[in-house]
Amino acid sequence: MSVNGVTSKSGAADLYGTYNVPAKTAEKTETTKKEENNGVVYEPSKQTTTQKPSKKPDANLVAKLKAESDARVSQLKSLVEQMISKQGQTLGKTDSIWSFLAGGNFTVDAATKAQAQKDIADDGYWGVDQTSSRIVDFAVALAGDDPKQLEKMRDAFKKGFDQATNTWGKKLPDISQRTYQAVMDKFDELTGAAE
């Protein structure tokens, strides 16, 4: 007795060959084998595009950011006015609200302090991350995809920060310095200067 049928490399299907396979199935098998031998052929596009689609300034986003900012600034201004009025002073009596605040010659009630701390916390609206993101988002919305315009936005931010420092009368608080650095880092990421 031979065990070649069990140990040979030919399978059971080879023993039967295509004898028991209907003709249509045999044709399909041949077609499939031919298709398997054909590789994928790369056909380059005849149309070449060298111009990137232009991203225009986003007026809707600018309007939304401005409205949100105006509302939050009003809220902050109201908070400061309430604090000053509780000190027995009015804005008219102070030479400048900024010099008054920079002087630190005031007291704050617990509720105002808690709200201010919440607002400037890491996850707060006036915190470093959210504020720097809003500034850069606003700049990108205005500049579109124009790198020159984005650079103008960076320069405008620097100029505004310098003006705020002058108005404050001395170096701005630490949160302002950290926000400035975060904004500059985000501009660097956008323009590729960080590479």
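This is a predicted model: local features need pLDDT of at least 70, side-chain atom pairs count only at pLDDT 80 or more; totals for chains, interfaces and linings use all residues.
## Starting at helix 5

Ser 99 sits in helix 5, which covers residues 97–103. With a relative accessible area of 31%, Ser 99 is partly exposed.

## The chain as a whole

The chain's secondary structure amounts to 9 helices and 0 strands, so you will read the pattern α-α-α-α-α-α-α-α-α along the sequence. Of its 195 residues, 19% count as buried. Among contacts with a separation of 6 or more, 58% come from residues 24 or more positions apart.

## Helix 7

Helix 7 runs over residues 128–143, and its 16 residues should span 22 Å at 1.5 Å a residue; the end C-alpha atoms are 22 Å apart, which agrees. Its buried residues are Val 128, Thr 131, Ser 132, Arg 134, Val 136, Ala 139, Ala 141 and Ala 143. Just after the helix comes Gly 144, with a positive phi of about 65°.

Val 128 belongs to helix 7 and is buried because its relative accessible area, 15%, falls under 20%. Leaving out neighbours within four places in sequence, Val 128 is in contact with Ile 175, Arg 178, Thr 179 and Ala 182. Take Ile 175 from that list: Val 128 and Ile 175 are 47 residues apart in sequence, yet their C-alpha atoms are 6.7 Å apart in space.

## Helix 8 and its two faces

Helix 8 spans residues 147–168, 22 residues in total, and reaches 31 Å from its first C-alpha to its last, close to the 32 Å expected at 1.5 Å a residue. Buried in this helix are Leu 150, Arg 154, Phe 157, Phe 161 and Trp 168. Looking down the axis of helix 8, you will find its buried residues within an arc of 55°, so they line one face of the helix. The face turned away from that buried side carries the exposed residues Lys 148, Lys 152, Lys 159 and Asn 166.

Both ends of helix 8 deserve a glance. After the helix comes Gly 169, whose phi is positive, near 95°.

## Aromatic pairs and an arginine

The structure holds 4 aromatic pairs. One of them joins Tyr 125 and Trp 126 in an edge-to-face arrangement, 5.0 Å centre to centre and with 90° between the planes. Tyr 125 counts as buried at 7% relative accessibility, whereas Trp 126 counts as partly exposed at 21%.

Another pair is tilted: Phe 161 and Tyr 180 lie 4.5 Å apart, centre to centre, with 45° between the planes. This pair links distant parts of the chain, since Phe 161 is in helix 8 and Tyr 180 is in helix 9, 19 residues apart. Phe 161 is buried, with a relative accessible area of 14%, while Tyr 180 counts as partly exposed at 21% relative accessibility. Phe 157, Phe 161 and Tyr 180 form one aromatic cluster.

Now return to Tyr 125 and Trp 126, and bring Arg 134 into view. The charged end of Arg 134 sits over the ring of Tyr 125, 3.6 Å from its centre. That charged end also sits over the ring of Trp 126, 5.4 Å from its centre. Arg 134 is itself one of the buried residues of helix 7.

Lys 186 is found in helix 9, residues 174–191. Is Lys 186 buried or exposed? It counts as buried because its relative accessibility is 19%, and the cut-off for buried is under 20%.

The side chain of Lys 186 makes a polar contact with the side chain of Asp 129, at 3.3 Å. Not counting residues up to four places away in sequence, Lys 186 touches Asp 129, Ser 132, Ser 133 and Val 136. Ser 132 and Val 136 are among the buried residues of helix 7.

Terms used: Residues are numbered from 1 along each chain as its sequence is written. Side-chain values use heavy atoms; hydrogens and water are left out. Helices (H or I, at least four residues) and strands (E, at least two) are DSSP runs, numbered from the N terminus. The expected span of a helix is 1.5 Å times one less than its number of residues. Buried means under 20% relative accessible area, exposed over 50%, partly exposed in between (1.4 Å probe, protein chains only). The arc is that of the directions from the helix axis to the C-beta atoms. A polar contact is a pair of N or O atoms within 3.5 Å; within protein, one must be able to donate a hydrogen and the other to accept it, and residues adjacent in sequence count only if both atoms are side-chain atoms. Contact means heavy atoms within 4.5 Å. Rings of Phe, Tyr and Trp (its six-membered ring) pair if their centres lie within 6.5 Å; planes under 30 degrees apart count as stacked, over 60 as edge-to-face and the rest as tilted. A charge sits over a ring if NZ of Lys or CZ of Arg is within 6 Å of the ring centre and within 35 degrees of the ring normal.
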